[in-house]
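Please look over the entry below before turning to the numbered points.

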Amino acid sequence: MDHDVVVTGIGLVLPKTQSIEDLWDCKNQTMSCIEALSPRICGSQIEKVMPSGGISSRLLKKLDVFTQYALLATQAALDDAGINLNEVNRERGGVFVGNSFGGWRFTENELRNLHGIGPRAVSPFQATSWFPAAPQGQITIAHGLKGYSKTYMADRLSSLISIGSAANIIRRGELDFAIAGGTESTNTDFVRTALEHIALENGDENLETSGFEISEGSVFLILENKSHAKARGARIYARVDALSLLNSPSHPNQYGRDSSVLKNTMRCVLENKNADIIIPDASGLRKIDNIEQTAIDAVCPNAIRLRPKQRYGNTFGAEGALNAAFASLILHHQKLPQMSSVEHEPSSLSTPKTAKTSEIGSFDTVLINACSLGGATGSLLLTKEM
Amino acid sequence: MKMDLGELETLVVKIIATYLECEPTSIQNSTLLEKELEIDSTELIGIVVETERALGVSLKKINYTKAETPADLASEINRHLLVGEVV
């Protein structure tokens, strides 16, 4: 039994980004999707009319958009992996989803029906469409997967945990493959209002100048046992090395205030390795980012810092998976997107400079950080597949 | 709204067809809701609520859980309407 877990497929739905090519395209890296979403918060959003991607209109009526995004992204990931589900054991395929908010687009509409018309006007699908595990259920139904599956809710850490957990379970031999990632919809009045308060609670009083930007979408990876992937001749993007998680309880509406926790997660996952590239949490909240910068300066001061989300904003439940997708592409192509913003000098997480990529040799390790409200912190290490 | 059982069956079939986005002629009174149309219990609630709106009568008290066909559902609604008339 091979205990290595590898990434063999990537699928995504993000603002103005519906394919790996859209994500990786050098020109797109300089094109920000950020705009004012309300007078008090900036970010990016997915167009309201998007391709149904083969989802029947009957099913669409039952689903919030965060589940629709997840179904589209997982189908794209399966297609990218070239995995034929008729030729694998579906009892040994699982689904791991990160999500932070559930289905508020659907819910807001139904709450308006409830208060404006009455209880009988509320859709019978209200509960099942809002439920944060709805994407997991719909993905397993759509693809007939019956292996161990799970949904994780941990703010921006959610899909870093879903990927790390899926990899652990494959490594233990309980699954051959997994669809792992995250999905989120923030394009609703309720969620935006809640997020404005998060920024205020964490010390960014002027929301107009805060770097706390919000986004939405869905990113999923196909993870496989390496032997399973090799046996079917799959292309391998990267290897999932390890996930480290620590919890330093803080106020439920605030992030941790101490860099020691993050330093420990980074050191724990790196062991004796160096990180060639680091994709920081970079929340856009000043206090939190200063703490992360202190940790990065101490643990991997020479690592290149990339912020794929600078084009979109925080994608919360999909955040870790977006960063893992980006890391997988870098490790596979062995190059940085030419126009991607990169920083060598440890001056700021939020003011990137252009990298001198000619000075950089091979990219062997990418470290991804994330943290969540309440004090949980995590680091995921992806490495080049040898 | 006064309706005989035949008209009620036609209304139920039309509402199911609208929900499924198909032609009413493709659904018979005897078509099996779950086995043939794959309508689950949550979808059936939506169909009952749509029928309620069309009739302008509350159907909260009908027992639709044993309805296997549009005819069964129409019959149960009709029974409820008749009871309502007596009251």
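**Notes on the aromatic rings and the interface**

1. One aromatic cluster is formed by A:Phe101, A:Phe212 and A:Phe316. Please keep in mind throughout that the model is predicted. A search over all chains of the whole structure gives six aromatic pairs.

2. One of these pairs deserves a separate look. A pair of aromatic rings is described by two quantities, the distance of the centres and the angle of the planes. For A:Trp104 and A:Phe190, the ring centres are 4.0 Å apart and the planes stand at 15°. Planes under 30 degrees apart count as stacked, and the pair is therefore stacked.

3. Which helices hold the two partners of this pair? A:Trp104 belongs to helix α5 (residues 104-116) of chain A, while A:Phe190 belongs to helix α9 (residues 189-201) of chain A. The pair therefore ties together parts that are 86 residues apart in sequence.

4. A:Trp104 has a relative accessibility of 16% and counts as buried, because buried means under 20%. For A:Phe190 the relative accessible area is 44%, so this residue is partly exposed.

5. Is A:Gln126 buried or exposed? Its relative accessibility is 17%, and A:Gln126 therefore counts as buried. When neighbours within four places in sequence are left aside, A:Gln126 is in contact with A:Phe106, A:Thr107 and A:Glu110.

6. The next points concern the interface. Eight residues of chain A are in contact with 16 residues of chain B. Three residues, A:Arg58, A:Arg120 and A:Pro124, supply 63% of the area that chain A buries against chain B, more than any other three residues. Between them, chain A and chain B bury about 1000 Å², and 46% of this area is on carbon and sulfur atoms.

7. How many salt bridges does the rule find across the interface of chain A and chain B? The rule finds five. A salt bridge joins A:Arg120 and B:Glu52, with the closest N and O atoms 2.8 Å apart. A:Arg120 is also among the three residues named above for the area that chain A buries.

8. Seven residue pairs in polar contact, both residues at pLDDT 80 or more, are found across the interface of chain A and chain B. By class, the side of chain A that touches chain B comprises four charged, three nonpolar and one polar residue.

Key. Residues numbered from 1 in each chain as written. Chains lettered and ligands numbered in written order. Predicted model: local features only at pLDDT ≥ 70, side-chain atom pairs only at ≥ 80, totals over all residues. Heavy atoms only, no water. Contact = heavy atoms within 4.5 Å. Buried area = accessible area lost by both parts, 1.4 Å probe. Salt bridge = Lys/Arg side-chain N within 4 Å of Asp/Glu carboxyl O. Polar contact = N/O pair within 3.5 Å; in protein donor to acceptor, adjacent residues only side chain to side chain. Nonpolar A, V, L, I, M, F, W, Y, C, P; charged D, E, K, R; others polar. Phe/Tyr/Trp six-rings, centres within 6.5 Å; stacked < 30°, edge-to-face > 60°. Helix = DSSP H or I, 4+ residues; strand = E, 2+ residues; numbered from the N terminus. Buried < 20%, exposed > 50% of the residue type's maximum accessible area, 1.4 Å probe, protein only.
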